[in-house]
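Hi,

Here is the structure I promised to pass on. Have a look, and my notes on it follow below.

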Amino acid sequence: MGTEGARTDRPGLLLDQFDQAREMAKVRLTGLGDAEYLWEPVAGCWSIRRRGEAVTPRAYGPGEWVIDKGAPDIPASEYAEVARQAAGGMTIAKIAEDWSVSVARVEEILAHNGAPEPDHVPVTTIAWRLGHLHSCFAGQWEWTFGERRQEPKLLVDFTPSADLGLKRFWALIDRWRDSVAAVTDEQLDTVGFSQYPYGSDPDDPFITVLAGANLEFIHHMAEISLLRDLWRARFTTGE
């Protein structure tokens, strides 16, 4: 991409990065159908399921459809974040509280120096990745720009419809982007400007929360793009 018109101020850099990632994701998600959205490429995938068919002990959602969530743990993709928190002075007890895991689990992860353990994270469907992103951004919006009172796990009505799921998701993402665009420099530097309860947001300057939200969006959209590639490739592999 060209640099003409690119912003160099702190919020501008993060907004431009988010906007570019959002537009790329919209292109990559064009034509997503229900079968692909719910496709489980291997056995034991996490996905969205009817409440009575959930296969994980902590699946959640306010309606008929819930999103899989296993026993409390820290995804391997977040081990580096755990290492960063520890290096930044956060106590192991506080890290364990933030991630809802035991102190022993945090110590085990730190002993690996932030390196992911093999076979530790389940394969997920596109529906799960989008639902997870939707849930995270909905919760962060509520606990940053909203009333800061609603349980994040009850904010998203998950659906088996790709079209409906995307429609709701992009509406929320646009609301998040508009709210972020109005943040002041003072608010960017305010520790605890976001009070999102499932993470370190209350202990971080908001600018680092924004940077983390961008990374969350980018890496999950990259994973969704790979799943789309694998969906197309399955027709040539004899499946």
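D19 counts as buried at 16% relative accessibility (buried is under 20% relative accessible area, exposed over 50%, partly exposed in between, with a 1.4 Å probe and protein chains only). R22 is buried too, at 12%, and its side chain meets that of D19 in a salt bridge, 3.3 Å from N to O. By salt bridge I mean a side-chain nitrogen of Lys or Arg within 4 Å of a carboxyl oxygen of Asp or Glu. The two sit 3 residues apart in helix α1, about one helical turn (helices are DSSP runs of H or I, at least four residues, and strands are E runs of at least two, numbered from the N terminus).

Keep in mind that this is a predicted model: local features need pLDDT of at least 70, side-chain atom pairs count only at pLDDT 80 or more, and totals for chains, interfaces and linings use all residues. Residues are numbered from 1 along each chain as its sequence is written, and side-chain values use heavy atoms, with hydrogens and water left out.

The salt bridge count comes to 18. One of them pairs R10 with D189, the closest N and O atoms being 2.8 Å apart. R10 lies in α1 and D189 in the loop between α8 (185–188) and α9, so this pair ties together parts 179 residues apart in sequence. R10 is partly exposed at 35%, and D189 likewise at 42%.

Over in helix α9, R232 and D229 are 3 residues apart, about one helical turn. Salt bridges with shared partners also join D19, R22, E23, D174 and R177 into one network.

Cheers
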